[in-house]
Amino acid sequence: MSVIEKAKKGWHRWRVFRELEPGHRFQTRYHNHRERRERSETSRYGRLLNLVGGPILIVAGIAFLPTPGPSYIIIVVGLWMLAGELLSLARFLDRAEVGLRRGGRWIGNLWTGASLAARALAVAAIPACIGALAYWLFWS
C-alpha cells in the first residue's frame, strides 16, 4: 500500500471519528482499531507506537503548557493514541467529552445572556487572573 493510500485511509478514519456521536467516539475508535489489528490490517509495531508514543506526547504537551503553542492539542493527540489501545481510557474520554460539551454550552448560554458590562468585566478579569497567578508562581 502506498503512502498516499495510507494517508487517504487515515483521513477517512478521522472523518468517521469526527462524525460519530459524542459519548461514543473513542470507544468506537477502540473497537475499530482492535478489529483492524485482529484482521492484521495494521502493523504489529503500530500498537507499540501508540503505547509508547501516546504517553510521550502527553508528557511533552504538559511540559510545553507554559509556552505559547498547541500544547493542548499535543496532549489530546497522545490521549487519542492511547485510547485506541485502552478501552478504559476510551470510556473515560467519551464521558469527559460529554461533560466538557455540557460545560461549554452552559458557559456559552451564560455569556450570551450576560450584559455588555459583565462581558467586559469577564474579559478584563482573565488577564488579571493569569497575571496574578504568574506573579504568585514566580515569587513564591
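**View 1. How much of the chain is buried.** Of the chain's 140 residues, 19% count as buried (under 20% relative accessible area; exposed is over 50%, and partly exposed lies in between, with a 1.4 Å probe and protein chains only). Welcome to a predicted model, in which local features need pLDDT of at least 70 and side-chain atom pairs count only at pLDDT 80 or more, while totals for chains, interfaces and linings use all residues. Residues are numbered from 1 along each chain as its sequence is written, and side-chain values use heavy atoms, leaving out hydrogens and water.

**View 2. The helices of the chain.** Here you can find six helices and zero strands (DSSP runs numbered from the N terminus: helices are H or I with at least four residues, strands E with at least two). Along its principal axes, the C-alpha trace spans about 60 × 40 × 30 Å.

**View 3. His33 in its helix.** Look for His33 in helix 2, which covers residues 25-38. Is His33 buried or exposed? His33 counts as buried because its relative accessibility is 8%.

**View 4. The surroundings of His33.** Beyond its neighbours within four places in sequence, His33 is in contact (heavy atoms within 4.5 Å) with Asn50, Gly84 and Glu85. The side chains of His33 and Glu85 are also joined by a polar contact of 2.7 Å. Such a contact is a pair of N or O atoms within 3.5 Å; within protein, one must be able to donate a hydrogen and the other to accept it, and residues adjacent in sequence count only if both atoms are side-chain atoms.
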